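Student: I'd like to learn how to read a structure like this one. Could you walk me through it?

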Amino acid sequence: MIKRLSIFLLLLAHTVSMSFVFASEEMHVPMQPDWSFQGPLGKFDRAELQRGYQVYTEVCSSCHSMDLVSYRNLVQEGGPEFSEKQAKAMAAMFEVEAGPDADGEMFMRPAILSDKFVSPWKNEQEGRISNGGAYPPDLSVMVKARSGGADYVYSLLLGYEDEVPEGIILDDGVYYNVYAKNQRIAMPQVIYEDGVEYTDGTAATEVQMAKDVTAFLAWSAEPKLEERKRIGFKVIVYLIILSFLLYFTNKRIWRDTSH
Amino acid sequence: MSDDYEPQSAVAKWIDKRLPIITLFSGHLMQFPTPKNLNYWWTFGGILTFCLITQIITGLVLAMHYIADANLAFASVEHIMRDVNYGWLLRYIHANGASMFFIAVYLHMARSLFYGSYKEPRELIWIIGVFIFLLMIATAFMGYVLPWGQMSFWGATVITNLFSAVPFFGEAITNWLWGDYSVSGALLTRFFTLHYLMPFLIFGLVILHIWALHVPGNNNPEGIDVVKGQDTVPFHPHYVVKDVLALVVFMIVFAGLVFFSPNILGHSDNYIQANPLQTPEHIVPEWYFLPFYAILRAIPDKLGGVIAMVSAIAILAFIPWLDTSKVRSSKYRPLYRQFYWLLIVDFILLGYLGSQSATGIYLILGRLATLYYFLHFILVMPLIGFIEKPKPLPKSISEPVLTKEEQLTKSGQMA
Ligand code: HEM
């Protein structure tokens, strides 16, 4: 009796509270495109990651750093898998400060594979002042740092609308975006049709670019995703077989004991 | 039991004569007479031992690469995830291992509560268990601070600030804890030290826990004393294999989390580096602390909340004396059993409420649920012992498990 009553109360509490959650919701549910890397057997799509790197470098990297990623990661298995030659050339397009040399001077040299992605800013203050006070956050683990993950980042990039609904007042340097918190964000729209010219000839639609760069960010947040799922599959198959064997062993051992 | 063991090989004889460690292990892990009717709820003790060892081993390797410094901690964890060989695996096992540890301990405690395993003569086993639980809470809390993400930082801020509720000395105590005037790198280094130390203290308590268990032996689902020989089987192979089977099933769930949704139990804000200038919108603890968090917030007064939360755990230590019934197993306690399930639902409800903001209906429900939590132990447990008429207990544990036929032959023999 009491058991049933309490289960009923629990359900009631849940229903009541859920309606509160939606009433106070200040974020829109993001779009959910099909990601090649979702699901237990999902993998990254190399071409998509390579295009995504291109979008990041040509569009996002002027504002956002990726401090946790090195150029050598671009070559690694389970990532965009650029050839070493390609990655070296990509790194060499950036300059890093090195030294001190024999004279005690710091100097600039082209980046090499072991360098981290070069940041657009010398420090956070410089990033802030260049963006009207809002610091463009580091993108290395961005996809894991927002609830909604890849869906959210993708939707955010595409969520800009010219028509600002009534009642939403935007400060200077703040833009209307359907998927942002409170529908406001300090990042302008950056994804426009043909914003990049893909080296593989893919048509650079807004949707395409947003998807590619988000997939790239999903990889940078979780570079060992493919290895993880591959090993996980083997581990679980092994454990299931083992549990069957143990089940029968156990049965056998207890056969003569009445219990 | 342990007298049955005779060392066979020359080496074993040599060692055992000087240090009877083989005899000790043989007695406690091989021949140990164990009730033959234990169900799968009794497998969580072994599972918990596995969890503790797993946390210690993965933790040791993580500590070789982790840097306990406010500026470097976050990046060093990402370095483990990206550059250390199988670092991602170690970290995901350790992080999800904490959750699995708490799932197991909650089930283990619920088992003890249902079958009255805390009653005479097992009071100390239970009380040592409560201390283990307390240390687990402290260890897990401090561990969560180490990656120095937003939730690490703000969770540490909220919880350490609770000490400021202490009258007169509050501020002095918090500053002493912090080693600073706010949560900072000084707190991070001392939390790391303590997080490293405490699992070994738990290990010590587990040894006492099992030592105390092996004096009276296991309780069992019938909750009655066993007759050695007739009602028991040797621990090995009967329970070794059964425990390992349960452990492997447990590991399947564990592996599912680690390999296929390693971040589902975590909070996305903890992938943002700690920022003392930016408070997250909702500060929520890890899921396994939520029931106690709900109790903390149910009391309108800060000091009162802290006292309630601490009491919620402390009261467990007094259960052996709060329960006035002589019958151990709830199987034979028709009235108490109902309230037992009410407590379980109440606890889950508290957990849910702990994840919501403490306003409106949540706050009211939170207060009611907190009230019941305490009433259960203070009022329901002592009273029912007097009111309830328990069902008749079986004479021995072999009795209810005999088949109809066996029962007939047995009664025939007696006649
Ligand atoms: C690190 C955590 C813990 C470990 C490794 C551990 C280990 C064990 C083991 C191996 C057993 C014997 C097998 C069994 O009966 O399941 C046991 C029994 C027991 N544990 Fe724990 N335990 C832990 C925490 C706790 C806690 C937190 C409590 C309660 C507050 C508790 C209460 C008990 C009781 C009452 C028994 C005797 C059970 C019986 O025989 O009926 N344990 N524990």
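Tutor: Let's take a few features in turn, keeping in mind that this is a predicted model.

Student: Let's begin with the metal. Which residues coordinate the iron atom of the ligand?

Tutor: To read a metal site, look for the donor atoms around the metal. Here B:His108 and B:His209 each coordinate the iron atom of the ligand through NE2, at 2.1 to 2.2 Å. This pair links distant parts of the chain: B:His108 is in helix 5 (residues 87–114) of chain B, while B:His209 is in helix 9 (residues 185–213) of chain B, 101 residues apart.

Student: And why is the arrangement around the iron atom irregular?

Tutor: Check the angles. Ideal angles are 90 or 180 degrees for six octahedral donors. In this case the 6 donor atoms around the iron atom subtend angles of 76 to 178°, and that makes the arrangement irregular.

Student: What else is in helix 5 of chain B?

Tutor: B:Gly87 has its place there. At 0% relative accessibility, B:Gly87 counts as buried. It also shows how sequence and space can be read side by side: B:Gly87 and B:Leu62 are 25 residues apart in sequence, and their C-alpha atoms are 7.6 Å apart in space.

Student: Now polar contacts. What does the side chain of B:Asn219 contact?

Tutor: The side chain of B:Asn219 makes a polar contact with the side chain of B:Ser117, at 3.0 Å. A polar atom of the B:Asn219 side chain also lies 2.9 Å from the backbone oxygen of B:Tyr115. As for its place, B:Asn219 sits in the loop between helix 9 and strand 2 (232–234) of chain B, and it is buried, with a relative accessible area of 2%.

Student: Which residue does the side chain of B:Ser398 contact?

Tutor: That one is B:Gln230, whose side chain makes a polar contact with the B:Ser398 side chain at 3.4 Å. B:Ser398 lies in helix 16 (residues 398–401) of chain B and counts as buried at 5% relative accessibility.

Student: How many salt bridges are there over all chains?

Tutor: A search of the whole structure finds 20. To read one, find the two partners, then ask how accessible each is. A:Arg228 and A:Glu222 form a salt bridge, with their closest N and O atoms 3.0 Å apart. A:Arg228 is buried at 5% relative accessible area, and A:Glu222 is buried at 8%.

Student: Where are the partners in the salt bridge of B:Lys331 and B:Glu222?

Tutor: Their closest N and O atoms are 2.7 Å apart. The pair links distant parts of the chain, 109 residues apart: B:Lys331 is in the loop between helix 13 (319–322) and helix 14 (334–354) of chain B, and B:Glu222 is in the loop between helix 9 and strand 2 of chain B. B:Lys331 counts as partly exposed at 35% relative accessibility, whereas B:Glu222 counts as buried at 6%.

Key. Residues are numbered from 1 along each chain as its sequence is written. Chains are lettered from A and ligands numbered from 1 in the order in which they are written. This is a predicted model: local features need pLDDT of at least 70, side-chain atom pairs count only at pLDDT 80 or more; totals for chains, interfaces and linings use all residues. Side-chain values use heavy atoms; hydrogens and water are left out. Donors are N, O and S atoms within 2.8 Å of the metal (3.2 Å for Na, K and Ca); water is not among the atoms, so sites may look incomplete. Four donors count as tetrahedral if all angles lie between 85 and 135 degrees; four count as square planar and six as octahedral if opposite donors are over 155 degrees apart and all others between 65 and 115; anything else is irregular. Helices (H or I, at least four residues) and strands (E, at least two) are DSSP runs, numbered from the N terminus. Buried means under 20% relative accessible area, exposed over 50%, partly exposed in between (1.4 Å probe, protein chains only). A polar contact is a pair of N or O atoms within 3.5 Å; within protein, one must be able to donate a hydrogen and the other to accept it, and residues adjacent in sequence count only if both atoms are side-chain atoms. A salt bridge is a side-chain nitrogen of Lys or Arg within 4 Å of a carboxyl oxygen of Asp or Glu.
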